[in-house]
Amino acid sequence: MLVEKAKNYYANHNYNCGEAILLAANDVYQLGLSQEDTKLVAGFGGGMGVGGTCGALAGSLAVIGKKYIEKKSKETAGFRERCGDLTVKFKNAFGSTECSVIKGEYHTEEARCLNAIEKAAKVLQDFIEEIDGGWNQEEEVRVSLEEITRLKAFGFLHNKGTNNFNARIITKNGTVTSEEMDCIQQAAKLYASGRVALTTRLTIEVIGVRYEAAEDFRNYIAKAGLKTGGTGSKVRPVVSCKGTTCQYGLIDTYDLALKLHERFFEGYHEVKLPHKFKIAVGGCPNNCVKPSLNDLGIVGQKIPNFDSNLCHGCKKCGIVNNCPIKTAQVKDGKLDMTPDCNHCGRCIGKCPFHAVTEGTYGYKVFIGGRWGKKVAHGKPLEKIFSSEEEVMSIVEKAILLFREQGQTGERFADTIERIGFENVQSQLLGDELLERKDEIIGAQVHMVGGATC
């Protein structure tokens with residue numbers, strides 16, 4: 001695309017070589033330049049008027065400056081080296097950087113320097129693709145296994161067959177500010193491929209961070225209060241659905257997820273576990289974030305308050321008709337919502353005789369879920385919890401139990417299966433684990449956990 005646009009600007013719109021390259025790059029890479037800005041490179045045409053450095057090369061270097069410098073060239077890591085690399089590639093392609101030499105081979109009376117423009121644009125295009133898209137091109141791996149392991153602890157995941165890494169940036173439940181987004185964008189441009197990906201657990205990965213730039217990358221995003229991490233055998237970043245704003249949400253998922261993040265992802269950051277421990281918060285039984293497939297999942301509840309005295313046993317029952325999972329039935333002249341009601345609350349207010357007008361909000365907690373090569377569906381604890389404080393206590397006790405009674409390398413689902421769900425549930429509903437918290441956390445166990453990413 002860059003090549004064709006550069007040729008068009010040169011051949012059909014009467015721009016010189018430097019202007020044509022810059023205008024084409026502005027279109028393709030969205031550099032944000034105005035038509036007036038192209039005048040800045042007009043003087044480079046014709047080798048600066050004396051057959052010196054080729055204007056197409058000068059225009060290409062201007063593109064690199066606009067695309068990769070944030071504020072100042074001297075404050076942009078690797079910028080000088082990139083300019084040198086591009087100049088070398090240009091010289092290798094043409095045999096010279098001098099307009100007088102290049103013109104002697106590529107200029108014709110009819111097409112002027114169109115063939116040189118085409119070739120210069122291709123050199124620039126390939127160079128930018130190498131920078132922005134070269135994160136997955138295999139090369140000789142110079143980074144040692146020890147360094148790959150060390151960087152993984154800081155949230156840098158090795159791109160196989162390369163000397164590059166994905167930098168996993170921690171978000172608080174997937175939310176970032178516009179200032180943080182700007183910082184991530186610039187960091188991706190300065191130190192990596194320019195590509196950014198979202199993970200299934202709502203963290204952000206910057207793709208293709210160069211090995212030698214890893215520390216500079218961390219320091220750069222720290223200016224916006226951002227950190228890399230989210231790996232290892234420990235509590236992982238908490239995820240939730242958008243229950244806070246969703247029409248079906250029964251609890252403030254963003255707020256609860258943030259509290260869990262601060263107390264357990266951050267507060268337990270140095271606590272080593274047998275394996276990774278994932279937490280998810282769902283706003284309602286729709287289970288969009290799949291809480292039951294996490295080590296611990298929380299689901300918002302709204303338990304219908306049914307007044308049987310007001311039930312008329314209607315043949316066309318408003319509660320039955322509005323039950324999305326079809327568990328409500330009229331039996332022997334009365335509404336029956338047990339035993340399979342999932343407490344979504346969708347039926348509340350649907351009875352014309354006010355038999356179900358209100359509901360009690362709460363939290364259902366699942367334990368022992370997982371997905372991957374082995375899948376386990378978490379089981380709900382028998383109690384529906386009525387407060388955030390109760391839920392936070394259950395989460396803490398689950399982590400303590402896993403640390404104390406889990407075997408290194410096994411997931412929480414394996415621990416529950418090995419020692420029994422009823423046993424685990426009994427401990428979580430009691431207080432003994434919290435009473436032994438300092439002892440459990442202080443134990444020298446799980447120094448090398450089972451998590452590999």
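1. Start with terms. Two strands pair if DSSP finds at least two bridges between them. Helices (H or I, at least four residues) and strands (E, at least two) are DSSP runs, numbered from the N terminus. Strands of a sheet pair through backbone hydrogen bonds, either parallel or antiparallel.

2. Now the ground rules. This is a predicted model: local features need pLDDT of at least 70, side-chain atom pairs count only at pLDDT 80 or more, and totals for chains, interfaces and linings use all residues. Residues are numbered from 1 along each chain as its sequence is written, and side-chain values use heavy atoms, leaving out hydrogens and water.

3. Take the five-stranded sheet. Its order is β5-β6-β7-β10-β11. The sheet is open, and its pairing is mixed. β5 (239-240) and β11 (379-380) are the edges, each with a single partner strand, so one side of each has no neighbour in the sheet.

4. Follow the pairs across this sheet. β10 (residues 356-367) and β11 are antiparallel, with two bridges. Here Phe366 stands opposite Pro380 in β11. β7 and β10 are also paired in the antiparallel sense, over eleven bridges. Ile298 faces its opposite residue, Val365, in β10. β6 and β7 run parallel and are joined by four bridges. The bridge partner of Gly282 in β7 is Val299.

5. Look at how β7 is covered. Eight of its eleven residues are buried. Buried means under 20% relative accessible area; exposed means over 50%, and partly exposed lies in between (1.4 Å probe, protein chains only).

6. A second open sheet has four strands. The order is β1-β2-β4-β3, and the pairing is antiparallel. β1 and β3 are the edge strands, each pairing on one side only. Direction ignored, neighbouring strands here are turned by 30° against each other on average. Axes are lines fitted to C-alpha atoms, for helices over the stretch in contact, and angles run from 0 to 180 degrees between N-to-C directions.

7. Helices pack here too. Helix α10 (residues 214-222) touches β1, β2 and β4. Its direction makes about 140° with that of β4. Helix α8 (residues 145-152) lies across β1 and β2, at about 145° to β1. Contact means heavy atoms within 4.5 Å.

8. Which residues of β2 point each way? Asn164, Asn166 and Arg168 point one way, while Phe165, Ala167 and Ile169 point the other. All are buried.

9. β2 has two partners to check. With β1 (residues 156-158) the pairing is antiparallel, over three bridges. Phe156 has Ala167 in β2 as its bridge partner. With β4, β2 is joined by five bridges, again antiparallel. Ile169 has Ile204 in β4 as its bridge partner, and Asn164 stands opposite Arg210 in β4.

10. Two hairpins deserve a look. β1 and β2 form one, with five residues between them. Gly161, in its turn, has a positive phi of about 75°. β3 and β4 form another, with five residues between the strands, and Leu202 there takes a positive phi near 65°. β3 (residues 195-198) and β4 (residues 204-210) run antiparallel and are joined by four bridges. Arg195 stands opposite Ile207 in β4.

11. Is His261 buried or exposed? His261 is buried, because its relative accessible area is 3%. His261 sits in helix α11 (residues 253-266). Not counting residues up to four places away in sequence, His261 touches Ile170, Thr171, Lys172, Val238 and Glu266.

12. Compare Asp340. This residue counts as exposed, because its relative accessibility is 52%. Asp340 is in the loop between β9 (334-336) and β10. Leaving aside neighbours within four places in sequence, Asp340 is in contact with Ile325 and Thr327. Asp340 and Thr327 are 13 residues apart in sequence and 6.1 Å apart in space, C-alpha to C-alpha.

13. Last, the cavity. On a 1 Å grid over the protein atoms alone, a cavity is a set of points where a 1.4 Å probe fits but cannot get out; lining residues have an atom within 4 Å of a point. The structure holds one cavity of 30 Å³ or more. The largest cavity is lined by 15 residues, and Cys323, Thr327, Cys341, Cys344 and Cys347 lie nearest its centre.

Terms used: 1 Å grid on protein atoms, 1.4 Å probe; cavity = no way out; pocket = protein on both sides within 12 Å on 5 of 7 lines; lining within 4 Å. Points joined across faces, edges and corners; volume = space filled by probe spheres on them.
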